[in-house]
Amino acid sequence: MRTSTERQPLPDADECARADQALVRAFDLLGRRWTGVVLGTLSGGPTGFRALARAVEGISDSVLSDRLSALCDAELVTRNVDEGPPISVAYELTAAGRALLPALDQIGRWAEEHLPAPARVEDVLS
């Protein structure tokens, strides 16, 4: 068993660069406002656009559409069209999107423990 005082080998420059690039890609997508909330909302199963817009209080239709498009492009969410009639569209997490949920949960718990809370809830939503 390794103790906390033992030195672990340092990663080489290429490993560091790859890790940095991966984090930049992840936070370019996930760091955008509302993205985590949309992913969390979709964790309940397939959801239509209007239901998502109602569930994510404060998000505009255009921002929701942008976030869903980016998540579909990143293959974290699929857009399923039922030709109807009437035509309906539902968004659903892919396996990659579902695999991301535990990490988002961990980040949320870390933030609760280590980041100061805003003075008002409205400050978070604005």
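Of the 18 residues in the largest nonpolar core, which touch the most other members?

Analyst: This is a predicted model, in which local features need pLDDT of at least 70 and side-chain atom pairs count only at pLDDT 80 or more, while totals for chains, interfaces and linings use all residues. Residues are numbered from 1 along each chain as its sequence is written, and side-chain values use heavy atoms, with hydrogens and water left out.

The members that touch the most others are Val38, Leu42, Leu64, Leu68, Leu71 and Val77. A nonpolar core here is a set of buried Ala, Val, Leu, Ile, Met, Phe, Trp, Tyr and Cys residues joined through side-chain atoms within 4.5 Å; buried means under 20% relative accessible area, exposed over 50%, and partly exposed in between, with a 1.4 Å probe and protein chains only. Two or more residues come from each of α2 (35-42), α3 (49-55), α4 (61-73) and β3 (88-93), and α4 gives the most, with 4 residues. These elements are DSSP runs numbered from the N terminus, helices being H or I of at least four residues and strands E of at least two.

Leucine 68 shows how the parts meet: leaving aside neighbours within four places in sequence, leucine 68 is in contact (heavy atoms within 4.5 Å) with Val38, Leu42, Phe49, Leu52 and Tyr91.

On α2, the buried residues are Thr35, Val38, Leu39 and Leu42. They lie on the same side of α2 because they cover an arc of only 100 degrees around the axis, the arc being that of the directions from the helix axis to the C-beta atoms. Threonine 35, with a relative accessible area of 2%, touches Leu29, Leu30, Arg67 and Leu71, not counting residues up to four places away in sequence. The side chain of threonine 35 also reaches the backbone oxygen of arginine 32 at 3.1 Å.

Strand β1 (residues 47-48) is joined to β3 by 2 bridges, with glycine 48 opposite alanine 90, whereas β2 (residues 77-82) and β3 pair over 6 bridges, threonine 78 having glutamate 92 as its bridge partner. The hairpin of β2 and β3 has 5 residues between the strands, and glycine 84 there takes a positive phi near 75 degrees.

Conventions:
Pairing = 2+ DSSP bridges. Polar contact = N/O pair within 3.5 Å; in protein donor to acceptor, adjacent residues only side chain to side chain.
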